[in-house]
Number of protein chains: 4
Amino acid sequence: MEQPSIEIMVRVRYAETDAMGVAHHASYIVWLEQGRTELLRACGVLYRAIEDAGFFVVLTDLQARYLAPARYDDVVMVRTWLDGLRSRGMSFGYDLRLAESGAPLLTARTEHVFIARATGRSTRAPSALVDLLHGFTKE
Amino acid sequence: MEQPSIEIMVRVRYAETDAMGVAHHASYIVWLEQGRTELLRACGVLYRAIEDAGFFVVLTDLQARYLAPARYDDVVMVRTWLDGLRSRGMSFGYDLRLAESGAPLLTARTEHVFIARATGRSTRAPSALVDLLHGFTKE
Amino acid sequence: MEQPSIEIMVRVRYAETDAMGVAHHASYIVWLEQGRTELLRACGVLYRAIEDAGFFVVLTDLQARYLAPARYDDVVMVRTWLDGLRSRGMSFGYDLRLAESGAPLLTARTEHVFIARATGRSTRAPSALVDLLHGFTKE
Amino acid sequence: MEQPSIEIMVRVRYAETDAMGVAHHASYIVWLEQGRTELLRACGVLYRAIEDAGFFVVLTDLQARYLAPARYDDVVMVRTWLDGLRSRGMSFGYDLRLAESGAPLLTARTEHVFIARATGRSTRAPSALVDLLHGFTKE
């Protein structure tokens, strides 16, 4: 049974390339963040609202495997899914491909913890968020 | 009579280059900001302390003239000076050169206003800051 | 008579914000570049093809006026138009607004020259490009 | 027996922070690259010279563990060491700490392959480079 996932398209900006003529490896990390934003939105969650409610979702672990380079003006398909949901954190998986050919570019996984803005300390996930995410993973 | 100025050295990062093989034009804008941070430090002002005291210094106008490109691993000399100080804002001037040859890379000017963090509105500069900056410009 | 222009929508990424809680001023400069890419595409020109044909289009002058901040997840409407076309260069104008309210965020103007990749020197614009752009500006 | 390593100091730029008020997680990835550049320089290798000799060193794998946030104007100590050297690639290890307190911020590991610029394909490391790196790891 496959995890539900969402796909977004990101066009490589010139500013995201480097002197090798391809997208710099740090650019992909920013695209993963866009994938998370849109996955949450698809679940009915605005990340902005999580922060307004007094939480930060902080990245604690990042693993990425670069398979092929993307070039300026390429459209990259970023597929994102919720890979795990714990009381105090969550993790996401990613699969990035060239939109045109489907050629794989990158696979990645990130882990995150919930932080209470007031204390700066790790905290339990807001229950409304957990409910929305559970609903999404089960569909 | 020349304005007192400070110089910092910035080495061009690979991530700051683009597919033209040179530093991307947005990278220079970030170096200007480093120049301001260090000019303020030389005046005895930590920009961080300005924010802690309840102010933001917000950029409102940017003018930059690009004269020649910098390349990966080049050391860029960023000269920064206070170009104007008003009750509610200040402006800075910049001259960027290749450290090795002195070849001019960029000239720029930025304007900034003081914002009260509590209200988000324009405000008068904190007087302690103005005193320190006046001291620096007069030396 | 108004210049023909194109509009693109850019959603503010978390990575584009800074500790003031708004989009960093250098982020807008990257959005201008996206505006140019899409204006050229609307004229039937791929910037990538210009480079493949042996040219770079290099930014030489940048003027930006920041009117109000954009926040994470805001959708920014970037309107771009060709502001001038000369034998060896061109300039663009920009008007950025919050998509939701139409509130103005930034106005800007950039100038660019054509560089021959082989020599690194300023050169005349490729005539096919000039024809396509002239067609667009006159419509 | 500990690997020889080098340390560089990186001051967090305002542009590298995000709306959480701390350095964005992608900023650290760029600092790792600076660590590699300076480790190679300490070995007598200019990365720029590797490229001039017809090679790219391409990142293929990235693992990073974020332990604590760095803030604007913090000085970050980036310790970098060569973690492995193979005929067609190499890997690096990293330990990032707050310079002032020594508090750990991030540990990371990256893998890289050598690419021939002419063909875009994986290739053996240039032997002069391997000799220099071996000399460094054995000292």
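The crossing of α1(B) and α1(C) is right-handed. The model is predicted.

**Exercise 1.** Work out how α1(B) and α1(C) are oriented to each other, and which residues make their contact.

*Solution.* 
- Step 1. Two packed helices are described by the angle between their axes and the distance between the axes.
- Step 2. For α1(B) and α1(C), the axes come within 9 Å and cross at roughly 165°.
- Step 3. Angles over 145 degrees count as roughly antiparallel. The two helices, α1(B) and α1(C), are therefore roughly antiparallel.
- Step 4. α1(B) contributes His25(B), Ala26(B), Ile29(B), Val30(B), Glu33(B) and Arg36(B) to the contact. α1(C) contributes His25(C), Ala26(C), Ile29(C), Val30(C), Glu33(C) and Arg36(C).
- Step 5. Sort the contact of α1(B) with α1(C) by class: 6 nonpolar, 2 polar and 4 charged residues.

**Exercise 2.** Describe the packing of α1(A) against α1(D).

*Solution.* 
- Step 1. Locate the helices. Each α1, in chain A and in chain D, covers residues 25–42.
- Step 2. Their axes come within 9 Å and cross at roughly 165°. That makes α1(A) roughly antiparallel to α1(D).
- Step 3. The crossing of α1(A) and α1(D) is right-handed.
- Step 4. List the contact. His25(A), Ala26(A), Ile29(A), Val30(A), Glu33(A) and Arg36(A) meet His25(D), Ala26(D), Ile29(D), Val30(D), Glu33(D) and Arg36(D).
- Step 5. Classify the residues where α1(A) meets α1(D): 6 are nonpolar, 2 polar and 4 charged.

**Exercise 3.** Find the largest cavity and describe its lining.

*Solution.* 
- Step 1. Search the whole structure. There is 1 cavity of 30 Å³ or more.
- Step 2. The largest cavity has a volume of about 850 Å³.
- Step 3. It is lined by 30 residues. Closest to its centre are Ala15(A), Ala15(B), Ala15(C), Val30(C) and Ala15(D).
- Step 4. Assign elements. The α1 helices of chains A, B, C and D each supply at least two residues of the lining of the largest cavity.
- Step 5. By class, this lining has 12 nonpolar, 10 polar and 8 charged residues.

**Exercise 4.** Characterise the second largest pocket.

*Solution.* 
- Step 1. The second largest pocket holds about 1300 Å³ of space.
- Step 2. Its lining has 48 residues. Phe56(A), Ala19(D), Met20(D), Gly21(D) and Val22(D) lie nearest its centre.
- Step 3. Elements giving two or more residues to this lining include β4 (89–98) and β5 (104–116) of chain A, α2 (47–52) of chain B and α1 of chain D.
- Step 4. β2(A) gives the largest share of the lining of the second largest pocket, 5 residues.
- Step 5. The lining divides into 27 nonpolar, 8 polar and 13 charged residues.

Technical notes. Residues numbered from 1 in each chain as written. Chains lettered and ligands numbered in written order. Predicted model: local features only at pLDDT ≥ 70, side-chain atom pairs only at ≥ 80, totals over all residues. Heavy atoms only, no water. Axes fitted to C-alpha atoms, helices over the stretch in contact; angles between N-to-C directions. Helix = DSSP H or I, 4+ residues; strand = E, 2+ residues; numbered from the N terminus. Parallel < 35°, antiparallel > 145°, perpendicular 65-115°, else oblique. Left-handed = near helix turned anticlockwise from the far one by under 90°. Contact = heavy atoms within 4.5 Å. Nonpolar A, V, L, I, M, F, W, Y, C, P; charged D, E, K, R; others polar. 1 Å grid on protein atoms, 1.4 Å probe; cavity = no way out; pocket = protein on both sides within 12 Å on 5 of 7 lines; lining within 4 Å. Points joined across faces, edges and corners; volume = space filled by probe spheres on them.
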